[in-house]
Amino acid sequence: MVDRVILGKRGGKHGLWISKPGFDVNTASLDQLLFTTESGFDSLQFVQVGDVVSTVGDPGRVSIPDLGYKPFVWIVPEVTYSMGMSETKLITWATYVSNTEIDIHVDINNLNYTGVCRYAVMRLKVA
């Protein structure tokens, strides 16, 4: 098992470092880190946040800056549940039209959903 987190001193610098699984945080290069407070490290930075209207079967489209790759998107739909509802599943996902356009999808079984989704585009490349 390797060390994955340092909060304190690493080399001659003080800060926070978190390595990717399988990499020792003490010796990991920047591309082997999930997060660091060192300047110039972008990985978990927010690029854009906003709201988009999405309907079951009709995704909301958002335009984003071109990062040169498909970025991770975090989606939080606005949903109100009633007591007594059972077997309800909420699913959200993004499809990439291009590096600069993303469709935000919401699917909720047992409900006819139309609502606002909060999204956050992060400076983290998806596979």
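Visitor: How many bridges join S7 to S8, and do these strands run parallel or antiparallel?

Guide: Strands of a sheet pair through backbone hydrogen bonds, in either a parallel or an antiparallel manner. In this predicted model, S7 and S8 run antiparallel and are joined by 7 bridges.

Visitor: Which order do the strands S1, S2 and S3 take in their open sheet?

Guide: They form an open sheet of 3 strands in the order S1-S2-S3, with antiparallel pairing. Strand S1 (5–10) and strand S3 (33–36) have a single partner strand each, so one side of each has no neighbour in the sheet. The twist here averages 25° from one strand to the next.

Visitor: How many bridges join S1 to strand S2?

Guide: There are 6 bridges between S1 and strand S2 (residues 13–19), and the two run antiparallel. As an example of a bridge, Leu7 has Leu16 as its partner in S2.

Visitor: How many helices and strands are there in the protein as a whole?

Guide: The protein has 0 helices and 9 strands. Read from the N terminus, its elements run β-β-β-β-β-β-β-β-β.

Visitor: Which residues make up the largest nonpolar core?

Guide: The general idea is that, in soluble globular proteins, nonpolar side chains tend to be buried together. In the present case, the largest nonpolar core has 12 residues: Val52, Val62, Ile64, Val73, Ile75, Ile102, Ile104, Val106, Ile108, Cys117, Tyr119 and Val121. At least two residues of this core come from each of strand S6 (71–77), strand S8 (101–108) and strand S9 (114–125). The strand that gives the most to this core is S8, with 4 residues. Apart from this core lies another, of 5 residues, including Ile6, Trp17, Ala28 and Leu33.

Visitor: With which residues is Ile75 in contact, leaving aside its neighbours within four places in sequence?

Guide: Ile75, a member of the largest nonpolar core, is in contact with Thr92, Trp93, Ala94, Ile104, Cys117 and Arg118 when those neighbours are left aside.

Visitor: What percentage of the residues of the protein count as buried?

Guide: Of the 127 residues, 29% count as buried. A related reading concerns contacts with a separation of 6 or more: residues 24 or more positions apart account for 50% of these.

Visitor: How many salt bridges does a search of the whole structure find?

Guide: The search finds 2 salt bridges. One of them is formed by Arg118 and Asp51, whose closest N and O atoms are 3.0 Å apart. Arg118 belongs to strand S9 and Asp51 to strand S4 (residues 46–55), so this pair ties together parts that are 67 residues apart in sequence.

Visitor: With which residue does Arg61 form a salt bridge?

Guide: Its partner is Asp103, and the closest N and O atoms are 2.7 Å apart. A polar contact of 2.7 Å also joins the side chains of Arg61 and Asp103. Arg61 lies in strand S5 and Asp103 in strand S8, so the pair ties together parts that are 42 residues apart in sequence.

Visitor: Is Asp103 buried or exposed?

Guide: Asp103 is buried, with a relative accessible area of 10%, because the cut-off for that class is under 20% relative accessible area. Arg61, by contrast, is partly exposed, at 48%.

Visitor: Which residues does Arg61 touch, not counting those up to four places away in sequence?

Guide: Arg61, in strand S5 (residues 60–63), touches Val52, Val97, Glu101, Ile102 and Asp103 on that basis. The C-alpha atoms of Arg61 and Ile104 are separated by 6.2 Å, although these residues are 43 residues apart along the chain.

How values were computed
Residues numbered from 1 in each chain as written. Predicted model: local features only at pLDDT ≥ 70, side-chain atom pairs only at ≥ 80, totals over all residues. Heavy atoms only, no water. Buried < 20%, exposed > 50% of the residue type's maximum accessible area, 1.4 Å probe, protein only. Contact = heavy atoms within 4.5 Å. Polar contact = N/O pair within 3.5 Å; in protein donor to acceptor, adjacent residues only side chain to side chain. Core = buried A, V, L, I, M, F, W, Y, C linked by side-chain atoms within 4.5 Å. Pairing = 2+ DSSP bridges. Axes fitted to C-alpha atoms, helices over the stretch in contact; angles between N-to-C directions. Salt bridge = Lys/Arg side-chain N within 4 Å of Asp/Glu carboxyl O.
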